[in-house]
Amino acid sequence: MADGNIADVQAYWNRRPCNLRHSKQEVGTREYFDEVEERKYFVEPHIPAFAEFAKWKGKRVLEVGCGLGTDAVNFARAGAEYNAIELSEVSMELAKKRFDVFGLKGNFVATRGEELSKHFDLASFDLVYSFGVIHHTLNPVEIVREMRKVIKPDGEVRIMVYAKNSWKDAMIGAGFDQPEAQSGCPYAYTYTPEEAHALMEGFKITSLEQDHIFPYVVEKYVQYEYEPQPWFKAMPEDMFRALEKRFGWHMLIKGKPV
Ligand SMILES: C[S@@+](CC[C@H](N)C(=O)[O-])C[C@H]1O[C@@H](n2cnc3c(N)ncnc32)[C@H](O)[C@@H]1O
């Protein structure tokens, strides 16, 4: 992993916002955003179940690192009072555009997760949500501390970080894979369950699960074709699911402030 600072992290995600190529339609159009959503939840079907969008109707939600805003629009559509921060202005502008296109209301702040309490009232959010974000910054624990400050005493945190004991980490270690679609990601930390507990200081973890193995042939996937790798194709579906639950790349953490 390269040495870097927050400017490197920002430059990386500005160069290639997450999921930017999830559709071939013209970027920023309704068709584009619809296809981005369809592909994201096709490839990562565990996300809606983890976020439970409908649960947050009428609740104050803060998303840390909203990216292009796929989960964002689903929180807003479900009736949440939606707020987001994002380090990459390029990503955030697209998320804002997406809200305009669909006539949704949301509050977007261009800042980093390390500075939440400078921008939001303390103890003010029912849900602080962050999917695949905090492991990409220099010191993720700083973001967790900030999350703890802005969450209500009876609020909830839901975050996804990358799992160390995972198929993907093994493949990266063996030189067959890389953490992100584009190479050169400055930081992509991975966690064991014990390390996740240390990361989540100030919270009691109420649920910790692993999920998600990307099964497709990358050369086909970038052509929008979904052909499983031969070794996954040969595997019965319930066996593949068992593998995902044991060696998934996504560590899904839910917690309550203590
Ligand atoms: C893998 S993408 C995930 C985006 C979105 N959550 C999703 O699921 O599509 C990682 C995002 O984290 C953002 N990010 C990285 N470090 C950050 C920080 N310190 N504060 C806020 N956002 C950050 C990046 O700009 C990028 O948009």
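Visitor: Which residues form one aromatic cluster here?

Guide: Bearing in mind that this is a predicted model, one aromatic cluster is formed by Tyr-41, Phe-50, Phe-53, Phe-75, Tyr-82, Phe-99, Phe-108, Tyr-129 and Phe-131.

Visitor: And how many aromatic pairs does the structure hold?

Guide: The structure holds 25 aromatic pairs. One of them joins Tyr-12 and Trp-13 in an edge-to-face arrangement, at 4.8 Å centre to centre and with 85° between the planes.

Visitor: Why does the pair of Tyr-129 and Phe-131 count as stacked?

Guide: Their ring centres are 6.4 Å apart and the planes meet at 20°, so this pair is stacked, given that planes under 30 degrees apart count that way.

Visitor: Is Phe-131 buried or exposed?

Guide: Phe-131 is buried, since its relative accessible area is 10%, and Tyr-129 is buried too, at 0% relative accessibility.

Visitor: Switching topic, which residues have the most contacts inside the largest nonpolar core?

Guide: That core has 34 residues, and those with the most contacts inside it are Val-61, Phe-75, Tyr-82, Phe-99, Phe-108, Tyr-129 and Phe-131. Several elements each supply at least two residues of this core, among them helix H5 (89–101) and strand E4 (125–131).

Visitor: What about the second core, which residues does it include?

Guide: The second core is separate, has 27 residues, and includes Leu-62, Phe-120, Phe-125 and Leu-199.

Visitor: Last one: where does Arg-39 lie?

Guide: Arg-39 lies over the face of Tyr-221, at 3.8 Å from the ring centre, while Arg-77 lies over the face of Phe-102, at 4.8 Å from the ring centre.

Terms used:
Residues are numbered from 1 along each chain as its sequence is written. This is a predicted model: local features need pLDDT of at least 70, side-chain atom pairs count only at pLDDT 80 or more; totals for chains, interfaces and linings use all residues. Side-chain values use heavy atoms; hydrogens and water are left out. Rings of Phe, Tyr and Trp (its six-membered ring) pair if their centres lie within 6.5 Å; planes under 30 degrees apart count as stacked, over 60 as edge-to-face and the rest as tilted. Buried means under 20% relative accessible area, exposed over 50%, partly exposed in between (1.4 Å probe, protein chains only). A charge sits over a ring if NZ of Lys or CZ of Arg is within 6 Å of the ring centre and within 35 degrees of the ring normal. A nonpolar core is a set of buried Ala, Val, Leu, Ile, Met, Phe, Trp, Tyr and Cys residues joined through side-chain atoms within 4.5 Å. Helices (H or I, at least four residues) and strands (E, at least two) are DSSP runs, numbered from the N terminus.
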